[in-house]
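Hi,

Here is the structure I promised to pass on to you. Have a look at it first, and then read on for what I found in it.

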Amino acid sequence: KLGAKIVWKSYSPWHASTLGLIREFGVFIYTDGRTLVFEDFEKTPTLMGIPVESLRKHKYEKYERLIDISTIIEVSTVTRSSAEASYRNKKDVTKKPNLFGKLFRKLVTKVKIDDGTVYFFELMDRADFENRIMNYKKGE
């Protein structure tokens with residue numbers, strides 16, 4: 001899809017943006033070092049491993065977002081509650097978490113691009129992701 005080798009990939013169990021989008025069943029995140037991709041796949045509900053009829057009222061819509069890494073202006077850590085508020089308000093209302101927030105609240109990664117759009121997602125290793133993005137930007 002990217003036309004180059006994938007150099008980093010991960011899975012995020014929660015993803016949202018200031019575009020009013022939220023995915024609570026996760027997205028795959030990957031990059032070739034130039035483009036960051038968020039992509040989800042439809043999940044068939046199961047009960048003890050047996051596929052069951054979905055109770056969803058709305059039809060699944062595939063989500064895929066490609067972001068040129070050169071357009072990323074900020075990568076930081078914020079609380080999930082402030083990320084959820086940004087999703088609901090469709091604008092960035094996050095602040096740097098205080099010590100209490102860092103210790104007792106769920107933290108997520110924030111990526112802001114130059115058009116003002118902000119993406120939020122959970123990662124196991126937020127510091128590694130931030131370092132990689134900054135290194136990819138230096139290699140532009």
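This is a predicted model: local features need pLDDT of at least 70, side-chain atom pairs count only at pLDDT 80 or more; totals for chains, interfaces and linings use all residues.

Before the details, one term: contact here means heavy atoms within 4.5 Å.

**The overall picture**

The protein has 3 helices and 11 strands. Along the sequence they follow the pattern β-β-β-β-β-β-β-β-β-α-α-β-β-α. The radius of gyration is 16 Å, close to the 14 Å that the globule rule gives for 140 residues, so the protein is as compact as a globular protein of that length. Taken along the principal axes, the C-alpha atoms fill a box of roughly 45 × 40 × 25 Å.

Buried residues make up 40% of the 140 residues. The accessible surface comes to about 8900 Å², and 53% of this belongs to carbon and sulfur atoms. As for contacts with a separation of 6 or more, 61% of them are between residues 24 or more positions apart.

Ser 10 stands opposite Ile 29 in β4, and Ser 12 stands opposite Val 27. On to the next pair: 4 bridges join β4 to β5, again running antiparallel, and here Phe 28 stands opposite Glu 39 in β5.

How enclosed is β4 by the rest of the structure? Largely so, because 4 of its 5 residues are buried.

**Arg 23 and its surroundings**

Arg 23 lies in the strand β3, residues 22–23. Its side chain is joined to that of Asp 40 by a polar contact of 2.7 Å. Leaving aside neighbours within four places in sequence, Arg 23 is in contact with Pro 13, Trp 14, His 15, Asp 40, Glu 61, Lys 62 and Tyr 63.

**A lysine in β10**

The next residue I would point you to is Lys 110, found in strand β10 (residues 107–113). Is this lysine buried or exposed? Its relative accessibility is 5%, and buried means under 20%, so Lys 110 counts as buried. Two polar contacts involve its side chain: one of 2.7 Å with the side chain of Asp 92, and one of 2.9 Å with the side chain of Thr 94. Not counting residues up to four places away in sequence, Lys 110 touches Glu 74, Val 75, Ser 76, Val 78, Asp 92, Thr 94, Val 118, Tyr 119 and Phe 120.

**Helix α1 and the residue after it**

In α1, the buried residues are Arg 80, Ser 82, Ala 83, Ala 85 and Ser 86. What covers them includes β9 (72–79), β10 and β11 (118–121).

Just after α1 comes Lys 90, with a positive phi of about 55°, although Lys 90 is not a glycine. Most residues other than glycine have a negative phi, which is the reason for flagging this one. Lys 90 sits in the loop between α1 (80–89) and α2 (99–104). In contrast to the buried Lys 110, Lys 90 is exposed, with a relative accessible area of 55%.

That is the tour. Happy browsing, and do write back with any thoughts.

Best wishes

Definitions and conventions
Residues are numbered from 1 along each chain as its sequence is written. Side-chain values use heavy atoms; hydrogens and water are left out. Two strands pair if DSSP finds at least two bridges between them. Helices (H or I, at least four residues) and strands (E, at least two) are DSSP runs, numbered from the N terminus. Buried means under 20% relative accessible area, exposed over 50%, partly exposed in between (1.4 Å probe, protein chains only). A polar contact is a pair of N or O atoms within 3.5 Å; within protein, one must be able to donate a hydrogen and the other to accept it, and residues adjacent in sequence count only if both atoms are side-chain atoms. The radius of gyration is taken over C-alpha atoms; the globule rule is 2.2 Å times the number of residues to the power 0.38. Accessible areas come from the Shrake-Rupley method with a 1.4 Å probe; for residues, only the protein chains shown count as cover.
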